[in-house]
Amino acid sequence: MDSDLPVTPDPAPGPADIAARAWRFTLHVLRTFHRRRGLLLAGAVAYYTLLSIVPLLALVLVGLSHFVNQEQLISTITLNLELLIPGYAESLAGQVRIFLVNRHLVGVVGFLIMLFFSSMAFSVLESAMAVIFSHRKQSMRRPFFISAIIPYVYILLIGLGVFLVTVIAGALDALEKQQVLLMGYELSLRGSSRLLLYLLGMGGMILMLTSFYLVMPVGRISFRHALSGAVTAAVLWEIIRRILVWYYSKLSLVNIIYGSLATTVVALLSIEAAVLILLLGAQVISEFDRRRAEPESNGA
């Protein structure tokens, strides 16, 4: 008798249910991130990134200065550094400029040491990702040779990216001086290059973050999850970056407290905030990955 009764479908979840699920999921991600010492991981990656960034930029500039004007390269790097270290990119670029003036003092051994320090941030980031994705089977281990070569592939890609952005910037500067005739009206392109370079920088950041989420964890990661995590992390960082710019310009006492160390302190704090967002995005992807793997393991 009961089998003849119509089956009432489950009602679709309302906005309150969706918000409650999102809140529970967020709390679970934050608890797991805290349990896996996410703040310590972010601090370690930020420290090694700060240690690596000057040698990395110096190597890129030395290599590309044979093909592109040095000042144009520094201008491009400064503009992109502003996306990572707001308010203090000029100081960091100035340090790289000092190195370039004295680069003749660096021999083969010095070059190899700089190359090693440039790769350390990527190696530590890979280790941090292994902790975030520690729910995966221990048998999923990456060969040592692959782990050793990944940082240098990223260094090569960063150099290629800087070269392309510099060439595009030169073309945009030339285009700014031109007048475009549209439907009988002359339009000036002055000021458009800075906007386009900003969009290129954001696009490059999203591509880099996506590659981190795809490559650094051992095993397969869904491209959709990696891209959505990268876009979310980039948007969050852009919001926090603008808050930091306002804070450093209006309220911060860091120059008074730390004096000549202010640039280092601000750079470290900014990088750690960016890495924290990066690892939180990885934790969200890890949670989706764990939930997807549970039914498969139960079915097995």
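Which pattern does the chain follow, read along the sequence? The answer is α-α-α-α-α-α-β-β-α-α-α-α. This is a predicted model.

View 1. The chain holds 300 residues, and 37% of them count as buried. Its accessible surface comes to about 18200 Å². Carbon and sulfur atoms account for 68% of that surface. Now take the contacts between residues at least 6 apart in sequence: 79% of them join residues at least 24 apart.

**View 2. Arg37 has a positive phi.** Look in the loop between α1 (15-35) and α2 for Arg37. Its phi is near 60°. Arg37 is a residue other than glycine. Most residues other than glycine have a negative phi.

**View 3. Helix α2 bends at Ser52.** Helix α2 covers residues 38-64, which makes 27 residues. From its first C-alpha to its last, α2 reaches 36 Å. That is close to the 39 Å expected at 1.5 Å a residue. The bend at Ser52 is about 35°. A proline, Pro55, follows within four residues.

**View 4. Helix α3 spans 16 Å.** This helix runs over residues 70-81 and has 12 residues. Its reach, from first C-alpha to last, is close to the 16 Å expected at 1.5 Å a residue. Which residues of α3 are buried? They are Leu73, Ile74, Thr76, Ile77, Thr78 and Leu81.

**View 5. Nonpolar residues form a surface patch of about 760 Å².** The patch is made by Phe145, Ile146, Ile149, Val153, Leu157, Leu160, Leu164, Ile168 and Leu200. Helix α6 (residues 144-176) gives the largest share, eight residues. Leu157 is found in this helix, α6. Is Leu157 buried or partly exposed? Leu157 has a relative accessible area of 46%, so it counts as partly exposed.

**View 6. Ser222 sits in a loop between two helices.** The helices on either side are α7 (192-215) and α8 (223-250). Ser222 has 14% relative accessibility, so it counts as buried. The cut-off for buried is under 20%. Which residues does Ser222 touch, not counting residues up to four places away in sequence? They are Leu214 and Arg292.

View 7. A search of the whole structure finds two salt bridges. Glu238 has a relative accessible area of 10%.

**View 8. Arg242 also forms a salt bridge with Glu238.** Here too, the closest N and O atoms are 2.9 Å apart. Why are Arg242 and Glu238 separated by about one helical turn? Because they are four residues apart in helix α8. An α-helix has 3.6 residues a turn, so residues three or four places apart point the same way. Is Arg242 buried or exposed? Arg242 counts as exposed, because its relative accessibility is 51%. Salt bridges that share partners join Glu238, Arg241 and Arg242 into one network.

Terms used: Residues numbered from 1 in each chain as written. Predicted model: local features only at pLDDT ≥ 70, side-chain atom pairs only at ≥ 80, totals over all residues. Heavy atoms only, no water. Expected span 1.5 Å × (residues − 1). Bend = angle between axes of the 7 residues up to and from the residue. Buried < 20%, exposed > 50% of the residue type's maximum accessible area, 1.4 Å probe, protein only. Contact = heavy atoms within 4.5 Å. Patch = residues over 30% accessible without salt bridge, like charges linked within 9 Å, V, L, I, M, F, W, Y side chains within 5 Å. Areas by Shrake-Rupley, 256 points an atom, 1.4 Å probe, with all protein chains shown as cover. Salt bridge = Lys/Arg side-chain N within 4 Å of Asp/Glu carboxyl O.
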